[in-house]
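The following report describes a single chain for a reader who has the sequence and the coordinates at hand.

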Amino acid sequence: MNRFDRHVVIDVETAQSYDHVIEIAAVEVIGETISPRSFVRRVKPRSAMSPFCYAVHRISLADLENEPHFEEVVHDLIEFVGDDTIVAHNYAYEYNTLKREFERASRPTYPRERFFCTMALAKRSGLPGKLRHACSQAGISVAHLRDAHDALNDALLAAHLFLKLNPAKRL
């Protein structure tokens, strides 16, 4: 991995499975370092909150009442991501969720080819598919995290996992 390579690790929390972003975080990785730059936004969804999703992240519709809708933050997200590779754990979840949100906002979607999946990388390395379990087994601490998920902590965990397991750094 070139010391100047830039990747952006993204995680989303949703109101419905695979739909309606309520929180998005993106962290910048340059070379083999997680930079201090990040993008974190809460988003007011245009849907109800599924009980399953609420149980995962513990963010309620009331918590999001004064937040902007996705189309109001998408420009800032696009600017932060730029033209770089997007890394996500279980990239299909982030890809499909963002694809729907971009379509609703009348924006071109990110091509699937721009995504790199840390879950696939973890599985190829003999680690479990769940992000926190994979990180624990890879020696990345998760003890400081609360039980409920949030986009920034999950993006940071995926960034650490990416850096720990990325085969490009072994070249």
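In the packing of two helices, Phe70, Val74, Leu77 and Ile78 of α2 meet Leu98, Glu101 and Phe102 of α3, where contact means heavy atoms within 4.5 Å. By class, this contact of α2 with α3 comprises six nonpolar residues, no polar residues and one charged residue; here Ala, Val, Leu, Ile, Met, Phe, Trp, Tyr, Cys and Pro count as nonpolar, Asp, Glu, Lys and Arg as charged, and the others, Gly among them, as polar. The element names follow DSSP runs, with helices (H or I) of at least four residues and strands (E) of at least two, numbered from the N terminus.

The model is predicted, so that local features need pLDDT of at least 70 and side-chain atom pairs count only at pLDDT 80 or more, while totals for chains, interfaces and linings use all residues. Residues are numbered from 1 along each chain as its sequence is written, and side-chain values use heavy atoms, with hydrogens and water left out.

**Geometry of the helix pair**

Two packed helices are described by the angle between their axes and the distance between the axes. For α2 and α3 the angle is about 115 degrees and the axes are 10 Å apart; the axes are lines fitted to C-alpha atoms, for helices over the stretch in contact, and angles run from 0 to 180 degrees between N-to-C directions. The two helices α2 and α3 are therefore roughly perpendicular to each other, given that angles under 35 degrees count as roughly parallel, over 145 as roughly antiparallel, 65 to 115 as roughly perpendicular and the rest as oblique.

**Cysteines**

How many disulfides are there? The count comes to zero, with a disulfide taken as a pair of cysteine sulfur atoms within 2.5 Å. The sulfur of Cys117 has its closest cysteine sulfur in Cys135, 13 Å away, and this is too far for a bond. Cys117 is buried at a relative accessible area of 13%, and Cys135 is likewise buried, at 0%; buried means under 20% relative accessible area, exposed over 50% and partly exposed in between, with a 1.4 Å probe and protein chains only.

**Positive phi angles**

Most residues other than glycine have a negative phi. Arg58, although not a glycine, has a positive phi of about 60 degrees; Arg58 sits in the loop between α1 (51–57) and α2 (70–81) and is partly exposed, with a relative accessibility of 48%. Ser106, also not a glycine, has a positive phi of about 55 degrees; this serine belongs to the loop between α3 (91–104) and β5 (115–117) and is exposed at 67% relative accessibility.

**Separations along the chain and in space**

| Pair | Separation in sequence | C-alpha distance |
|---|---|---|
| Lys130 and His89 | 41 residues | 8.5 Å |
| Ala138 and Ala122 | 16 residues | 8.9 Å |
| Leu61 and Met49 | twelve residues | 6.8 Å |
| Ala105 and Arg124 | 19 residues | 35 Å |

Lys130 is placed in the loop between α4 (118–124) and α5 (131–137) and is exposed, at 59% relative accessibility. Leu61, in the loop between α1 and α2, is partly exposed at 37% and, leaving aside neighbours within four places in sequence, is in contact with Pro45, Ser47, Ala48 and Met49.

**Buried residues and their contacts**

Contacts here again leave aside residues up to four places away in sequence. Ala105, in the loop between α3 and β5, is buried with a relative accessible area of 17%, and Ala105 is in contact with Glu71 and Val74. Ala138 lies in the loop between α5 and α6 (151–165), is buried at 12%, and touches Leu127, Leu161 and Lys164.

Is Arg132 buried or exposed? Arg132, a residue of helix α5, is buried, its relative accessible area being 16%. The residues in contact with Arg132 are Val142, Leu145, Arg146, Asp147, Ala148, His149, Asp154 and Leu157.
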